[in-house]
Amino acid sequence: MRIDCKHVWQYISAYIDGEVDAELRAEIDRHLETCEICSAVLDSTRNVVVLVADERVFELPTGFSQRLHARLDQELEPTGSS
Amino acid sequence: MTAPNPEFEAETIRRILAGERHLFHDLIRPCERPIYFLLMSLLHNEAEAEDAAQDTAIKVYLNLKNFRGDSQFRTWVLSIARNEGLGRLRKAGTRREDSLEADTDEQTGDYTPAILTSWREVPLEALEREELGALLRKAIDGLPEIYRNVVLLRDIEEMDVRETALALGITEGAVKVRLHRARALLQRDLAPRLEGFAPQKTAGKGLFGWFKR
């Protein structure tokens, strides 16, 4: 069976996560070998996934951890509470 | 993100409950990032998310004896964070209606990706430039809430499908569908703009099927 581009796009995310079965993976791989458009879509989607996972993109606010643990200290060592 | 360590967690919880309360700092530390970003995704406000994160940590501490160990500790913590965030939204009367889109999870939905063949390299070195980070954050912030939560836990905090489903109170199938949609939306939004950050090798070889530069 030949699969078309739209079919491939539906499985891009599962393909990236290794969640397509061997048969479908082989079909997609065959399609990608000859379809520059789909292999570009796959690459750019994978790139987006790699980029958003980089910890430089999402950083905790400065001092977040210190403030959290200071607040916890108040809770962990209550003065005068029962 | 720090990988969860169930043995360390179980032992630490036992010791905290036995009186070594200061150990709670070490227990909660690996969960700080996912707590904050989950709340940020729900509340859209740094100060509010930070305050909710602190309240979450305290609730986790106060309820620690109720943790049964039948889910991962972090999953349990994140469900407390989610409840904290949803509670605040309800109180403020700002629960956004886009969660209704959950009803459409079953349909696979066609999407048309951005098509350009000249961008293949990941511009990781360009992340040193604040501009690229801001672009990525804005794109994720612009996603509907039900997609944003999933991207946050799966792709940013790198949690697995099962843990993401448990933390968000949705099925594993819904996690996969939403992640697929979210990545598709991000690809369509970001690919044309990220191309400019890529190391230049071959210029002007793009194929632009559905959109204009």
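How many residues of chain A are in contact with how many residues of chain B? In this predicted model, 33 residues of chain A touch 45 residues of chain B. On the side of chain A that touches chain B, helices α1 (5-10), α2 (12-16), α4 (36-53) and α5 (64-76) of chain A each supply at least two residues. The largest share of that side, 14 residues, belongs to α4(A). Sorted by class, the side of chain A that touches chain B consists of 19 nonpolar, seven polar and seven charged residues.

Chain A may now be considered by itself. Its secondary structure amounts to five helices and zero strands, and the order of elements from the N terminus is α-α-α-α-α. The radius of gyration of chain A is 23 Å, whereas the globule rule gives 12 Å for 82 residues; because the value is well over that of the rule, chain A is more spread out than a compact globule. Of the 82 residues of chain A, 23% count as buried.

Chain B is also described by its helices. It contains nine helices and zero strands, which follow one another from the N terminus as α-α-α-α-α-α-α-α-α. Of the 213 residues in chain B, 40% are buried. Contacts along the chain can be sorted by separation in sequence: among contacts in chain B between residues at least 6 apart, 73% join residues at least 24 apart.

The next topic is how helices of chain B pack against one another. Two packed helices are described by the angle between their axes and the distance between the axes. For helix α3 (residues 32-43) and helix α5 (residues 73-92) of chain B, the axes come within 9 Å and cross at roughly 25 degrees. Angles under 35 degrees count as roughly parallel, and α3(B) and α5(B) are therefore roughly parallel to each other. The crossing in which α3(B) passes α5(B) is right-handed. On the α3(B) side, the contact is made by P34(B), I35(B), L38(B), L39(B), L42(B) and L43(B). The residues contributed by α5(B) include V77(B), A81(B), G85(B) and R88(B). By class, this contact of α3(B) with α5(B) has eleven nonpolar, one polar and three charged residues.

Helix α5(B) also packs with α4(B). What angle do α4(B) and α5(B) make, and how far apart are their axes? The angle is about 130 degrees, and the axes are 9 Å apart. The two helices α4(B) and α5(B) are therefore oblique to each other. Their crossing is right-handed. From α4(B), the residues that make the contact are E48(B), A52(B), D55(B), T56(B), K59(B) and V60(B). From α5(B), they are V77(B), I80(B), A81(B), E84(B), G85(B) and R88(B). The residues of the contact of α4(B) with α5(B) divide into five nonpolar, two polar and five charged.

Helix α7(B) leads back to the relation between the two chains. Eleven of the twelve residues of α7(B) are buried, so this helix is largely enclosed by the rest of the structure. Among the buried residues are I146(B), Y147(B), V150(B), V151(B), L152(B) and L153(B), as well as R148(B), R154(B) and D155(B). The buried residues of α7(B) pack against α4 of chain A, and also against α3, α6 (130-141), α8 and α9 (172-194) of chain B.

Finally, two residues of chain B deserve attention for their backbone angles. Most residues other than glycine have a negative phi. Just after α7(B), however, E158(B) takes a positive phi of about 55 degrees. This residue, E158(B), is placed in the loop between α7 (145-156) and α8 (161-168) of chain B. Is E158(B) buried or exposed? E158(B) counts as exposed, because it has 12 C-beta neighbours inside 10 Å. The second residue is H44(B), which has a positive phi of about 60 degrees although it is not a glycine. H44(B) lies in the loop between α3 and α4 (46-62) of chain B. Because H44(B) has 15 C-beta neighbours inside 10 Å, it counts as partly exposed.

Methods:
Residues are numbered from 1 along each chain as its sequence is written. Chains are lettered from A and ligands numbered from 1 in the order in which they are written. This is a predicted model: local features need pLDDT of at least 70, side-chain atom pairs count only at pLDDT 80 or more; totals for chains, interfaces and linings use all residues. Two residues are in contact if their C-beta atoms, placed from the backbone, lie within 7 Å. Helices (H or I, at least four residues) and strands (E, at least two) are DSSP runs, numbered from the N terminus. Ala, Val, Leu, Ile, Met, Phe, Trp, Tyr, Cys and Pro count as nonpolar, Asp, Glu, Lys and Arg as charged, and the others, Gly among them, as polar. The radius of gyration is taken over C-alpha atoms; the globule rule is 2.2 Å times the number of residues to the power 0.38. A residue is buried if 20 or more other C-beta atoms lie within 10 Å of its own, exposed if 12 or fewer, and partly exposed in between; C-beta atoms are placed from the backbone. Axes are lines fitted to C-alpha atoms, for helices over the stretch in contact, and angles run from 0 to 180 degrees between N-to-C directions. Angles under 35 degrees count as roughly parallel, over 145 as roughly antiparallel, 65 to 115 as roughly perpendicular and the rest as oblique. A crossing is left-handed if the near helix is turned anticlockwise from the far one by less than a right angle, and right-handed if clockwise.
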